[in-house]
Amino acid sequence: MVKGSGGLIYYVCRDLFYSEYQGEEHLMKAILVKEIGRFEYVDVSDPEPGPDEVLIKVDLAGLCRTDLKIIEVGHRDLVLPRIPAEEVVGTVCGIGQKAYAGMIGKRVYVYPGTSCGECRFCRSGAGNLCGSMQIMGFHRDGGFAEYVTAPVRSLIEIPDGLEFEQAVFAEPLSCCLNAIELARLKANETIVIYGAGPAGTLLSRAASTIGAKPTVVEPDERRRGLVNGCAKIPDQLFDVAIIAVGSHDAYLDAIQHLEPRGRMVVFSGLAPDVACQRIDLNRLHYLEQTITGAYGCTYRHSVRAIEWIDQGRVEVRDMISHRFPLKQLSHALDLVKKRLGMKILLYPRIVE
Ligand SMILES: [Zn+2]
């Protein structure tokens, strides 16, 4: 029965916690992407934690636009075959050989990245740019499954009183905090955010939390509700612009509305055919403006995100629009595609 590096400790704990666990090969339900363009809801073998890893019983996973992208067109960092989902919360139910047994039963948020911890990017607080970065849902299996494994150092314990449904927002919020940090946004500055989806909404709320003045531009009237957004950018200049929608027009529009010394953040990737755009470098020169990218987040952003959600500094509950069993993923993806939902949560353990 003992196989791989997980070893005896893992199995002992697993047996204690799962009376349903019997026999040699235990299968779990998962979403599996074998090739770009389609996915299957299938039985796969339970994952096994490595020596420094834990096994987590997934409570729920957040669905984000990136999951749609991964399945439909692939992603730079995707390695197939893969179980997607990088927004994951659950309960530790097994441990690898070197992991601390006291972790069993802890409710955790999984920071999705694993970096080397030693290169210059890791040491300067930009572990998301580490050359050996491994991302859950991209390089290693993610949370669209009953169980997932994760390194111990990727875990953040969810404070008592904070619900799984709130804690799962730590992943998108972390990415927003990274973007806001790169924008060097300060209190009392103005910021325009394009897109009032989950990311745009979190960006707006996080900006308010630090005392900045956000304006959200969202052409779709149904999406504007949570952020009191506007259909077009007002006729004024902004200190910061963050683009949270995959539209090249938004980028070109935003750069025209930047203050001198203004900063624009390329937060949302673009389709390859529209990613190359002409911009007036003289404008950047004379106005001393900056364009910066933002991709993902680091562990410390996730720690802060959990704190902010726990302290009520960023409200998230009102952003949940749908809850589905995992097997209804294709319906859920359809809603994301048509921009009909806000935050959609998937439950691997709910059958109907
Ligand atoms: Zn590194």
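**Helix 11 and its surroundings in the predicted model**

Leu329, Ala332 and Val336 are the buried residues of helix 11 in this predicted model. Viewed down the axis of helix 11, these buried residues fall within an arc of 65° and so line one face of the helix. An α-helix has 3.6 residues a turn, so residues three or four places apart point the same way. On the face of helix 11 turned away from the buried side, the exposed residues are His331 and Lys337. The elements against which the buried residues of helix 11 pack are strand 1 (27–32), strand 2 (40–45), strand 3 (53–63), helix 2, strand 15 (320–325) and strand 16 (343–347). Just after helix 11, Arg339 adopts a positive phi of about 55°.

Leu329, a residue of helix 11, was examined individually. Leu329 has 22 C-beta neighbours inside 10 Å and therefore counts as buried, the threshold for burial being 20 or more. When residues up to four places away in sequence are not counted, Leu329 touches Ile31, Tyr41, Phe144 and Leu346. By contrast, a separation of 39 Å lies between the C-alpha atoms of Leu329 and Phe238, which are 91 residues apart along the chain.

The packing of helix 11 on helix 2 was considered next. Helix 2 (residues 65–73) and helix 11 (residues 329–337) pack with their axes 10 Å apart and at an angle of about 110°. Helix 2 and helix 11 are therefore roughly perpendicular to each other, since angles of 65 to 115 degrees are classed in this way. From helix 2, the residues Arg65, Leu68 and Ile71 meet Leu333, Val336 and Lys337 of helix 11. Classified by residue type, this contact of helix 2 with helix 11 comprises four nonpolar and two charged residues, with no polar residues.

At the level of the whole chain, the protein is divided into domain 1 (7–169 + 316–347) and domain 2 (173–293). The centres of domain 1 and domain 2, taken over C-alpha atoms, are separated by 29 Å. Seven residues from domain 1 and six residues from domain 2 make up the contact. On the side of domain 1 that touches domain 2, four residues are nonpolar, three are charged and none is polar.

Terms used
Residues are numbered from 1 along each chain as its sequence is written. This is a predicted model: local features need pLDDT of at least 70, side-chain atom pairs count only at pLDDT 80 or more; totals for chains, interfaces and linings use all residues. Axes are lines fitted to C-alpha atoms, for helices over the stretch in contact, and angles run from 0 to 180 degrees between N-to-C directions. Helices (H or I, at least four residues) and strands (E, at least two) are DSSP runs, numbered from the N terminus. Angles under 35 degrees count as roughly parallel, over 145 as roughly antiparallel, 65 to 115 as roughly perpendicular and the rest as oblique. Two residues are in contact if their C-beta atoms, placed from the backbone, lie within 7 Å. Ala, Val, Leu, Ile, Met, Phe, Trp, Tyr, Cys and Pro count as nonpolar, Asp, Glu, Lys and Arg as charged, and the others, Gly among them, as polar. Domain bounds come from an automatic or database domain assignment. A residue is buried if 20 or more other C-beta atoms lie within 10 Å of its own, exposed if 12 or fewer, and partly exposed in between; C-beta atoms are placed from the backbone. The arc is that of the directions from the helix axis to the C-beta atoms.
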